[in-house]
Amino acid sequence: MDAPNLIAAVQALQPDATVRAQSDRPTLIVPAHALVALATQLRDDPDLRFDLLETHTAIDWLEEDRFELLYLLTSVPHGHHLTLSVSIDRDAPLVPTVCQVWPIAEWLEREAYDLFGILYDDHPDLRRLFLEDDWVGFPLRKDYEDDFMLERPE
Amino acid sequence: MGVITDKLPGVLEPLPGGSVLVTAVDQLINWSRSNSLWPLTFGTSCCAIEVMMATGAARHDLARFGAEVARPSPRQADLLVIAGTIVKRMAPRLRTLYEQMAEPRYVMATGSCAICGGPFMYHSYTTIRGADEIIPVDVYVPGCPPRPEAFFYGLLTLQKMIKEGESIRHPGERRRPVLAALPEGMTLDDIRKEMQDLLSHDANVTMADAVADGAHYSAELKDF
């Protein structure tokens, strides 16, 4: 399925989804409360069959005071790609988990929690993945600072 | 080796001329140590490709310097080559590996990351700025990553340090660390010549030596 058909097919499933501008591959902005239902439909719909969550990551939009969560999906049987984008409040970064839809999301979400501090509702095992368990703070946030970091002298 | 290095100086020193003998034993031990450095199989990033694979493979051939027997266990290794970035989470493991190695143990820091943190020096929340913040380093080999020639220069520097700087009279004491950068104006030909000279001191037999040595060859060979 090519990009316009894909976007139309997903928007038929979820009318609230809007197209994200400036994206290399078809990207749809989805409200957080509709994420799990849409993800399940994307995986199970015979025409879409998005059976692979390639990666999941976050972007810290500090000026706009929000986190953008990206879910890069691929359909192995059909060979098409789709990205879902979910924006959440930076002060209360809570989003439902998609572990039940794609099991790999468990570790990808742990990584996003580790580095951005995003909280996943219903996640079975939300712990740090890369950093030490007693690490304080979330280093990929744009406003992260600690005593160890060194500023480049001008 | 433990018995020799621990007991021998005490036995030899009181004898008449024993001091000279200890020095001779020193030279023998240092020679064997410097020519049989067993590196630990330890690499944390791209320098490991250069140091462990490129230098170990046939073209550059680490075996020429007796340091090709990479050991996967720190108990059997005596050279720790820090090849790559050391992050906060790796630091305690690196320290443990170092502590597990038997003395005498030698440490080479190869590449910018292991020397000072390299490109991750500023604004990094996790990169250790230099492996010498964790363990003592004997030889620094700069480069990003260093060429195999640069690594060999560092290895030869370490061998020189071992040969000249250690004595079983003072076990564990060593000469100060050396920056093994190539001196200004040194070319690849100079390096090749130095390696050639070094190798010729070992077991290589030249035509002149062979003829001078005995009656196995006719004198006509001298014309070569």
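**Notebook: cores, chain A and B:Thr55**

I began at B:Leu80, which touches B:Leu40, B:Phe42, B:Leu97, B:Tyr98, B:Met101, B:Arg105 and B:Val107, leaving aside residues up to four places away in sequence. The model I am reading is predicted.

I then looked up the core to which B:Leu80 belongs. The largest nonpolar core holds 38 residues, and B:Leu80 is among those that touch the most other members, together with B:Leu79, B:Val81, B:Ile82, B:Met108 and B:Ala109. I listed the elements that give two or more residues to this core: helix 3, strand 1, strand 2 (106–110), helix 5 (111–116), strand 3 (139–141) and helix 6 (148–165), each of chain B. Helix 6 of chain B supplies the largest share, eight residues. I also noted a second, separate core of 34 residues, which includes A:Leu6, A:Leu73, A:Val101 and A:Phe138. As background, I recorded that nonpolar side chains tend to be buried together in soluble globular proteins.

Next I turned to chain A. I counted three helices and seven strands in chain A. Read from the N terminus, their order is α-β-β-α-β-β-β-β-α-β. The radius of gyration of chain A is 17 Å, close to the 15 Å that the globule rule gives for 154 residues, so chain A is as compact as a globular protein of that length. I noted that its C-alpha trace spans about 50 × 35 × 25 Å along the principal axes. Of the 154 residues of chain A, 27% count as buried. Among contacts in chain A between residues at least 6 apart in sequence, I found that 48% join residues at least 24 apart.

I then examined where the two chains meet. Six residues of chain B are in contact with nine residues of chain A. By class, the chain B side of this contact has three nonpolar, two polar and one charged residues.

My last entry concerns B:Thr55. I located B:Thr55 in the loop between helix 3 (47–54) and strand 1 (79–83) of chain B. Is B:Thr55 buried or exposed? It counts as buried, because B:Thr55 has 26 C-beta neighbours inside 10 Å and the cut-off for a buried residue is 20 or more. Setting aside residues up to four places away in sequence, I found B:Thr55 touching B:His60, B:Leu62, B:Pro148 and B:Phe151. I also looked up B:Pro145, which is 90 residues from B:Thr55 along the chain; their C-alpha atoms are separated by 12 Å.

Key:
Residues numbered from 1 in each chain as written. Chains lettered and ligands numbered in written order. Predicted model: local features only at pLDDT ≥ 70, side-chain atom pairs only at ≥ 80, totals over all residues. Helix = DSSP H or I, 4+ residues; strand = E, 2+ residues; numbered from the N terminus. Buried ≥ 20, exposed ≤ 12 C-beta atoms within 10 Å, placed from the backbone. Contact = placed C-beta atoms within 7 Å. Nonpolar A, V, L, I, M, F, W, Y, C, P; charged D, E, K, R; others polar. Rg over C-alpha atoms; globule rule 2.2 N^0.38 Å. Core = buried A, V, L, I, M, F, W, Y, C linked by C-beta atoms within 7 Å.
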